[in-house]
Amino acid sequence: MAKRVILAVAGAGKTYHICHEIQPDKRNLIVAFTNANIKNIQNELLRAYGEIPEMTRVMTFDSFVYHMLIRPYEALVFDFFGEEYKFDETSITLKKPPQQRIKVNGRDVPNRKYKKKEFLQHYMDERKQYYCETLSELAMYVKQGRESLVRTAAEKLNLFFDNVLIDEFQDFREYDYELIVKLSKYLTNIVLVGDYYQHSVSGQNNSGKPFKKGRVEIGYDDFKVKLCEEGFDVDETTLINSRRCSAEICSFIRDKLGIQIQSAKINSGNVIRPLSLQEILDDNNIVKLVYEEATRYSFKAVNWSYSKGDTYDKTCVILTGSTKKLLEDSFSVSKLKTVTLNKLYVALTRSKGDLYIVTPDEFEAIKDKYYKKRS
């Protein structure tokens with residue numbers, strides 16, 4: 001049985017690796033977190049094989065849970081909750097399930113529409129639509145006798161798929177993460193690929209297990225230990241070389257952030273302190289990466305976190321707040337919040353060419369000129 005986690009660096013080609021390492025004549029299931037991830041996987045499969053291999057299936061995680069873990073066992077699910085089951089076409093809804101407590105006239109009161117997890121209505125609305133947000137929780141909760149639904153479904157999955165591969169593993173949290181770990185105990189072959197240092201960067205699904213326990217952040221080394229305890233082989237070498245970033249940029253990141261990223265030396269680019277900031281800001285070929293509120297500026301700008309997954313020819317990272325001393329010898333990542341470190345790492349790894357770095361003071365002196373006029 002193969003249970004492996006590949007810890008990748010930015011630009012190492014996680015999607016490329018998954019798509020080129022599969023055996024197209026095998027029955028492969030590739031699962032990713034977002035529709036954008038799915039599109040990238042499908043495009044890479046087309047480039048690699050001219051078509052999506054006949055026996056390879058690509059699905060979002062939510063679709064996977066619904067179609068592979070819930071839908072085939074709906075009679076069991078309804079019976080578990082003591083509900084009458086009729087074979088009706090159910091579906092998924094993206095709307096939020098009722099919260100346990102709500103604000104009424106400024107007071108925090110119980111929500112009458114909220115149902116406890118012991119009831120099917122906790123997971124499904126009145127139109128028989130499963131709440132997307134609670135799909136994994138439902139799969140983890142239901143049992144068939146003394147046996148978990150997860151084990152039953154995983155053993156069936158082994159009959160239909162030779163390999164299960166999960167992309168962008170760092171984006172999964174709480175019940176989604178727990179479900180993947182539990183499935184891995186019963187699946188014959190499963191490979192997870194992700195970049196630890198890109199967790200908690202997106203605008204959603206940022207908190208909780210496995211990267212936070214209560215208020216305590218789980219560091220890289222502790223995360224590796226936990227994966228090993230769950231029975232995974234942890235691979236830190238296969239995807240350690242960035243196909244995007246130059247050797248100089250990777251060296252800069254290792255030195256400043258302590259992240260062990262290496263370069264595949266496919267591209268060349270320097271870390272540059274611009275002599276003329278205005279010239280850089282006016283150059284539309286250079287994407288400016290700002291911490292937040294990119295839309296406020298007239299120049300071509302993207303928020304650090306929103307640039308995740310992107311590749312640009314050249315970038316200019318505008319430092320801010322706790323990162324302002326990045327270029328100084330006294331800078332220490334120990335003073336950064338984890339989310340800030342991860343966002344900075346994302347910003348610094350977007351360029352396949354030169355990387356310009358600007359201090360807050362330098363930007364402050366000129367930024368008013370670039371504010372968009374409010375209509």
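This is a predicted model: local features need pLDDT of at least 70, side-chain atom pairs count only at pLDDT 80 or more; totals for chains, interfaces and linings use all residues.
**Helices H1 and H2**

Helix H1 covers residues 14-21 and helix H2 covers residues 35-49; their axes come within 9 Å and cross at roughly 50°. The two helices are therefore oblique to each other. Their crossing is right-handed. On the H1 side, the contact is made by Thr-15, Tyr-16, Cys-19 and His-20. On the H2 side, Asn-40, Ile-41, Glu-44, Leu-45, Ala-48 and Tyr-49 take part. Sorted by class, the residues of this contact are six nonpolar, three polar and one charged.

Helix H3 spans residues 61-70. H3 is mostly covered, with seven of its 10 residues buried. The buried residues are Phe-61, Phe-64, Val-65, Tyr-66, Met-68, Leu-69 and Ile-70.

H3 packs with helix H7, residues 174-184, at an angle of about 55°, and the axes are 12 Å apart. H3 and H7 are therefore oblique to each other. In this case the crossing is left-handed. From H3, the residues Phe-61, Phe-64, Val-65 and Leu-69 meet Asp-176, Leu-179, Ile-180 and Leu-183 of H7. The contact of H3 with H7 holds seven nonpolar residues, no polar ones and one charged residue.

**Aromatic pairs**

Across the whole structure, a search finds 22 aromatic pairs. One of them joins Phe-61 and Phe-64: the ring centres are 6.2 Å apart and the planes stand at 45°, so the pair is tilted. Both residues lie in H3, three residues apart, which is about one turn of the helix. Phe-61 counts as buried because its relative accessibility is 2%, under the 20% cut-off. Phe-64 is buried as well, with a relative accessible area of 4%.

A further pair is made by Phe-169 and Tyr-177, whose ring centres are 5.8 Å apart with planes at 35°, so this pair is also tilted. Phe-169 is buried, at a relative accessible area of 4%. Tyr-177 counts as buried at 2% relative accessibility.

The two pairs are set out below.

| Pair | Distance between ring centres | Angle between planes |
|---|---|---|
| Phe-61 and Phe-64 | 6.2 Å | 45° |
| Phe-169 and Tyr-177 | 5.8 Å | 35° |

Aromatic residues also form a cluster, made up of Tyr-196, Tyr-197, Tyr-220, Phe-223 and Tyr-345.

**Positive phi angles**

Asn-105 has a positive phi of about 50° although it is not a glycine. Asn-105 lies in the loop between strand S5, residues 101-104, and strand S6, residues 107-110. With a relative accessible area of 79%, Asn-105 is exposed, because the value is over 50%.

Lys-128 is another residue other than glycine with a positive phi, here near 60°. Lys-128 is placed in the loop between S6 and strand S7, residues 129-131. At 36% relative accessibility, Lys-128 counts as partly exposed, because the value lies between the 20% and 50% limits.

Note on methods
Residues are numbered from 1 along each chain as its sequence is written. Side-chain values use heavy atoms; hydrogens and water are left out. Axes are lines fitted to C-alpha atoms, for helices over the stretch in contact, and angles run from 0 to 180 degrees between N-to-C directions. Helices (H or I, at least four residues) and strands (E, at least two) are DSSP runs, numbered from the N terminus. Angles under 35 degrees count as roughly parallel, over 145 as roughly antiparallel, 65 to 115 as roughly perpendicular and the rest as oblique. A crossing is left-handed if the near helix is turned anticlockwise from the far one by less than a right angle, and right-handed if clockwise. Contact means heavy atoms within 4.5 Å. Ala, Val, Leu, Ile, Met, Phe, Trp, Tyr, Cys and Pro count as nonpolar, Asp, Glu, Lys and Arg as charged, and the others, Gly among them, as polar. Rings of Phe, Tyr and Trp (its six-membered ring) pair if their centres lie within 6.5 Å; planes under 30 degrees apart count as stacked, over 60 as edge-to-face and the rest as tilted. Buried means under 20% relative accessible area, exposed over 50%, partly exposed in between (1.4 Å probe, protein chains only).
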